[in-house]
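Visitor: I'm new to reading protein models. Could you walk me through this one?

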Amino acid sequence: MPPVRTPDPEPEPEEPEGNGLGAGEPFVPGSLGSFGTPAGDAAANPGWLTELELAEARRRLPMLYVEAVPVRTDGMGAVTQVGLLLRATPLGEITRTIVSGRVRYAETIRDALFRHMENDLGPMAFPQLPLQPAPFTVAEYFPLPGLSAFHDDRQHAVSLAFVVPVTGTCDPRQDALEVTWMTPEEAASDAVAADMEGGRGTLLRMALASVGALR
């Protein structure tokens, strides 16, 4: 089985260059001791972690994520379609996943959701986010399988999971190959769950159940 990876956002232009794992990573400097010193642009913004600091943080602390299941709804608010991202793993395997990414230092949950929805689905997706988003569940990803239904071999990640209606046009960005729209019944199938890493098939079914889309 290939390593499970919680998708990481591509660094934005104002952030230091990197491979997406360490650049632009928010954290409070000094809280983990002197295990790394930001260089270049990272030193100018105390919220960014260097790759060394991120690796050290992952060994010591849970990492906070948001995850979002994009949906389309009818005029009564019932979910009619579910959007899943198609991605290629570093090993060349094709997997399905949902919108996911870390929360930055001093960033609100709502802002993090909007940023990752735009990063993955494009600026014309128009996610409908309430002023105070409430997750349908909190998923804990552990590096050792079996501790929960969710697994990420790099870290202990705590993820706030949301169902987010979108009304615009979704144009996949970053490492997503496409956005596939399915009926709730198709999205909840065993075949789709088998294509999703880290237990996200379970998370997807929980999302659909939370909005009454499973029958």
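**Salt bridges and strands**

Guide: Let's start with a count: there are seven salt bridges here, a salt bridge being a side-chain nitrogen of Lys or Arg within 4 Å of a carboxyl oxygen of Asp or Glu. This is a predicted model, where local features need pLDDT of at least 70, side-chain atom pairs count only at pLDDT 80 or more, and totals for chains, interfaces and linings use all residues. Residues are numbered from 1 along each chain as its sequence is written, and side-chain values use heavy atoms, with hydrogens and water left out.

Visitor: Which residue meets glutamate 56 in a salt bridge?

Guide: Arginine 60 does, at 2.5 Å from N to O. Both sit in helix α2, four residues apart, about one turn of the helix. (Helices are DSSP runs of H or I with at least four residues, strands are runs of E with at least two, and both are numbered from the N terminus.) Glu56 and Arg60 also belong to a salt-bridge network with Arg59.

Visitor: Is glutamate 56 buried or exposed?

Guide: Buried means under 20% relative accessible area, exposed over 50%, and partly exposed in between, using a 1.4 Å probe and protein chains only. Glutamate 56 has 10% relative accessibility, so it counts as buried.

Visitor: What does arginine 87 form a salt bridge with?

Guide: Its partner is aspartate 120, with the closest N and O atoms 3.2 Å apart. That pair ties together distant parts of the chain, since arginine 87 is in strand β4 and aspartate 120 is in helix α3 (residues 109–121), 33 residues apart. Both arginine 87 and aspartate 120 are buried.

Visitor: Now strands. Why is β3 largely enclosed?

Guide: Nine of the 11 residues of β3 (residues 63–73) are buried, so the rest of the structure largely encloses this strand. As for pairing, two strands pair if DSSP finds at least two bridges between them. β3 runs parallel to β9 (residues 157–165), joined by nine bridges, and antiparallel to β6 (residues 99–102), joined by four. Alanine 68 has a bridge partner in each: phenylalanine 162 in β9 and valine 99 in β6.

Visitor: How many residues lie between β3 and β4 in their hairpin?

Guide: Five, and glycine 77 in that turn has a positive phi of about 90°. The two strands pair in the antiparallel sense over three bridges, with valine 71 partnered by valine 82 in β4.
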